Amino acid sequence: MVRMLPLALALLATPALAQTAPQTAPQTPASLPADQAAMKAHVMFLASDAMRGRDAGSGEYDIAAQYVAAQFYAAGLRPMGDDGGYLQAVKLLGYKPAGEGMLRWTPAGGAARPLVFGSDYIPAADPGAATTRIAAPVVFVGHGLEAPAYGLDAYRGIDVRGKIVAYVGGAPAGLPSEVAATFGGADARLRAAAAHGAVGAIALADLRAASRGSPTFAATKDGFAGERVTWATPAGVGGGGVPIPLLATLSPAGAAKLFGARWPLVRQAGRMVKPVEAKGTLAVDTATTFRPFASSNVVGMLPGSDPALAKEVVVLSAHLDHVGVGKPVDGDAIYNGALDDAIGIASLIEEAKRFKAAGTAPKRSILFLAVTAEEKGLVGSDWFVNHPPVPIADVVADVNLDMPVLTYPFQDMIAFGGDRSTLGPIIARATAALGVTLSPDPIPEMSIFVRSDHYNFVRKGVPSIFLWPGMKGPGKAAFEAFMSRCYHRPCDDLSQPILWDQGVRFVDANYRIAREIADAADRPRWNKGDYFGTLYGGPMAK
């Protein structure tokens, strides 16, 4: 599901058992009520060894997608994929550096000096081009970030047009965790640099005193040959990316060759720095290799009943993929992904059936979305929001079903993102109807709101949330036990003490939330002045 933690998962199914007493142990097939048995049946199939971990791009994933499509059909959903079917083809693209590349520094008035691969620099793969050749001056811009509300304005008074920017990675100290997470990687820096006319960027490693989470050169070197995944454009290069490339990561030794006597000024960089220009030209020549492969999202629609509101859409999402076959643990190499995220998919299926059984269609349409390649970087949901079967402006909310740990009787619930929009009161009413409280985020340091599939909807301005069972009572210990023992391990299978009645309670909350969003007179809006609503331009509450 989440990119801290990929997460993914969640909710489950039907009205009748919302008020039943919690189970304390797994039940036998003969004792499971029909709604619980239905959920378990989906998970038994999707998290079986036969599915071999449902790795995006594998034949087993394709079988799982066909299974979900068949279940959407049985639930009466309208197909919203390609060619009148439920499957939306997703063109995935693996990419990685094709060799060591070349970086050459020519100081002003001096002779060209090649930098040394592995000790001075590590090249970065460019998802947007097979070859990348740039020669330009270099300007250090501190963290390279723009967020004036938090004192970040790296480009004030700096001219970087036609230049390469060098920046400190990680997030500056003192930011709220979810805001910091949006700044932790390269994307925010590359977008800011491009907006000011830069032609490329380099990251400076091992400046951790200036920035939490700054990359180490050793870690960058270790991951040099690893493949990353994006989606492909018709031209066969990466889509959904940034307009200028990250060219390389420099070690302190490599950066010192560029900045010379000015290097101490760079090493002392804090949140607010004056620009430091390296006197000379950096020439970069790198290559990227691509591996195209295919997968699919599964998409079905329950049409709305109100002539004025039916074109508006509430999305319910979960990810279908997991991490496949990996390093054996106690002789088991299949990473089944029962909680992450077969239960989320089971929840989508059972919730669709519940809407159908309700007898009255919601006023707005509800789109059920099982996405691929979450575990590869939220790629399937990024494809979907950039290739939606309905106008993205008509999507009013996304409720993401993302890895609830349903191994204990939950006493409260957590709604990540609920406090950022007018979805908050809806969630509070739904949880109150179940007789549980709504708790604040107990793990803000994990920045979960920005680390799962719903965040791609947020980036399109759509108010979004996802729910977890809370951590009161036995919850904290159960969550920590799962994360330490079975998260992204073979033991995330049906040997875990999954309480299916808790799944029914959980999906009941999600059904109530989705139903109220769909039937409300007003579409959800970001709270006035909310950071993410302002950043991504969504509709604001008055």
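Modeller: Rings of Phe, Tyr and Trp, the last taken by its six-membered ring, count as a pair if their centres lie within 6.5 Å. On that basis, ring pairs join Tyr-150, Phe-449, Tyr-455, Tyr-531, Phe-532 and Tyr-536 into a cluster. The model is predicted, and the values below are computed from it.

The count of aromatic pairs comes to 21. One of them is formed by Phe-384 and Phe-457, with 6.0 Å from centre to centre and 45° between the planes. Phe-384 belongs to helix 9 (residues 379-386) and Phe-457 to helix 11 (residues 454-458). The two residues are 73 residues apart, so this pair links distant parts of the chain. Phe-384 has a relative accessibility of 0% and counts as buried. Phe-457 is buried as well, with a relative accessible area of 1%.

Phe-482 and Tyr-487 make another aromatic pair, here edge-to-face, with the ring centres 6.5 Å apart and 75° between the planes. Buried is the class for anything under 20% relative accessible area. Phe-482 falls in that class at 4%, and Tyr-487 does too, at 10% relative accessibility.

The disulfide involves residues numbered close to this pair: Cys-486 is joined to Cys-491, with an S to S distance of 2.1 Å. The count of disulfides comes to one. The torsion about its S-S bond is about -120°, so the disulfide is left-handed. Its two ends are placed in separate accessibility classes: Cys-486 counts as buried at 11% relative accessibility, while Cys-491 is partly exposed, with a relative accessible area of 29%.

The charged end of Arg-291 sits over the ring of Phe-293, 4.2 Å from the ring centre. Likewise, the charged end of Arg-505 sits over the ring of Phe-410, again 4.2 Å from the centre.

Conventions
Residues are numbered from 1 along each chain as its sequence is written. This is a predicted model: local features need pLDDT of at least 70, side-chain atom pairs count only at pLDDT 80 or more; totals for chains, interfaces and linings use all residues. Side-chain values use heavy atoms; hydrogens and water are left out. A disulfide is a pair of cysteine sulfur atoms within 2.5 Å. Buried means under 20% relative accessible area, exposed over 50%, partly exposed in between (1.4 Å probe, protein chains only). Rings of Phe, Tyr and Trp (its six-membered ring) pair if their centres lie within 6.5 Å; planes under 30 degrees apart count as stacked, over 60 as edge-to-face and the rest as tilted. Helices (H or I, at least four residues) and strands (E, at least two) are DSSP runs, numbered from the N terminus. A charge sits over a ring if NZ of Lys or CZ of Arg is within 6 Å of the ring centre and within 35 degrees of the ring normal.
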